[in-house]
Amino acid sequence: MIQLPIISSGSSNLVPRFTCLNAENVYAVSKANTPADVIHVHYAILAVASDTAPLYLRASIDYTNGSTAVITDQDIENLKNLIKSANQNPSSTPEFELIGARDATVSTITDYQVVDIQIKAEEPYSSTV
Amino acid sequence: MSNFIKVPLAVNAARSFFSGVIEVGTQDSGYTGGGTRVAGTAVASGATTTSGSGSGAEFSVTLTGGTFVLAMTASNTGEGYKVGDTITLAAIAASTGVTSFSAGIVVEITAAMLVAIEGSATNEYALIPIDNVACVSGVSTTTCDIQVLEYNEATSSSAAGKVTKYTITMDDAPVTTKAALQADVAAAIIKAASAENSQPEVKFTFDAECIKVVLS
């Protein structure tokens, strides 16, 4: 399980609280083309052992708050690595933070915090972790 | 072995009236008082809280039949009412064809009159398995979804609707925030994920109260 800071959740913008995202059964992470500032985490799941074809689901992590794009290609790589790390340590709950948050100010930090996460079914995605 | 979180369910939470028709019953078997009563068409009647701390409810009231069966429909469902509280419906002057009663009608509130809740003395928690939880999604200040990595083809033809979820519904008072609700639920899931068999309880900020948890 990965922790992600949620916008407007803590005592101040600099001290956010967290939402969570499952790191198991992930086969790809991608940056959405539209809308910008959304990361897609792609899951493939066998509902029961006898299933021959997996179910495909996608979590969309929405950072659409500020007017500028904040998600970089390096953020996608970092999230992939964090997912790998979390799977190697099943009881771990590491935090994922966008790179830009490190240099953000009090007034811009919320651009790097999650607005919401939604899951939906999808067709298989072509890239792999 | 599955990991779970415990969602505390409010027991006799202060809440609003049910928005549909509320069948109260007859005098001394549902309500008291009323003085001289006349059956007739519905009439608007204000409600005064005579015990408890609820406020704001207003009703359309009807007396029917020779036994003056009382039914009321909330035109304003109010807030803060509990089972066992009493309200008094204001007297209505006689008018041709219209329900009337010369003295206030006192109604003791029952569970069926209020917004339904799951919690009771013997059902204090909803248990949610977290092994297949995908994420926690904020919906509103009173609703939060725990989305699960499972299809539920029966619920909807849309892609979003096919995902199984637990919907946690909060009472609208005390007020919490969408982000706080999301973080409260996520905190318990994160704790359960990091400590197997711990079964942590969701701690709602702002003393918010959960009225039901529905799997769909």
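Author: This is a predicted model. The mean pLDDT of chain B is 91, and 95% of its residues reach 70 or more. For the complex, the predictor gives an ipTM of 0.90 and a pTM of 0.82.

Reader: What makes A:Phe18 buried or exposed?

Author: A residue counts as buried if 20 or more other C-beta atoms lie within 10 Å of its own. A:Phe18 has 23 within that distance, so A:Phe18 is buried. A:Phe18 belongs to strand E2 (residues 18-21) of chain A.

Reader: Which residues is A:Phe18 in contact with, leaving aside its neighbours within four places in sequence?

Author: In chain A they are A:Gln3, A:Leu4, A:Pro5, A:Ile6 and A:Glu95. In chain B they are B:Ala183, B:Ala186 and B:Ile190. A contact requires C-beta atoms within 7 Å. From C-alpha to C-alpha, A:Phe18 and A:Glu95 are 8.6 Å apart, though 77 residues separate them in sequence.

Reader: How does the span of helix H1 of chain A compare with the expected one?

Author: H1(A) covers residues 73-88, which is 16 residues. From first C-alpha to last, H1(A) reaches 23 Å, close to the 22 Å expected at 1.5 Å a residue.

Reader: Why are the buried residues of H1(A) said to line one face?

Author: The buried residues are A:Asp75, A:Leu79, A:Ile83 and A:Ala86. Seen down the axis of H1(A), they fall within an arc of 80°, so they line one face of the helix. An α-helix has 3.6 residues a turn, so residues three or four places apart point the same way. On the other side of H1(A), the exposed residues are A:Asp73, A:Gln74, A:Glu77, A:Lys84 and A:Gln88.

Reader: What covers the buried residues of H1(A)?

Author: The cover includes strands E1 (2-5), E3 (26-31) and E4 (38-45) of chain A.

Reader: What makes E3 and E6 of chain A edge strands?

Author: The open sheet has four strands in the order E3-E4-E5-E6 (chain A), with antiparallel pairing. E3 and E6 (116-121) of chain A each pair on one side only, and they are the edge strands. From one strand to the next, the twist averages 20°. H1(A) packs on the sheet, where H1(A) touches E3 and E4 of chain A. The direction of H1(A) makes about 160° with that of E3(A).

Reader: How do you know that E5 and E6 of chain A pair?

Author: Pairing needs at least two bridges. Six bridges join E5 (residues 55-62) of chain A to E6(A), and the two strands run antiparallel; they therefore meet the requirement for a pair. Opposite A:Leu57 stands A:Ala121 in E6(A).

Definitions and conventions: Residues numbered from 1 in each chain as written. Chains lettered and ligands numbered in written order. Predicted model: local features only at pLDDT ≥ 70, side-chain atom pairs only at ≥ 80, totals over all residues. pLDDT = per-residue confidence, 0-100. Expected span 1.5 Å × (residues − 1). Buried ≥ 20, exposed ≤ 12 C-beta atoms within 10 Å, placed from the backbone. Arc of directions from axis to C-beta. Contact = placed C-beta atoms within 7 Å. Axes fitted to C-alpha atoms, helices over the stretch in contact; angles between N-to-C directions.
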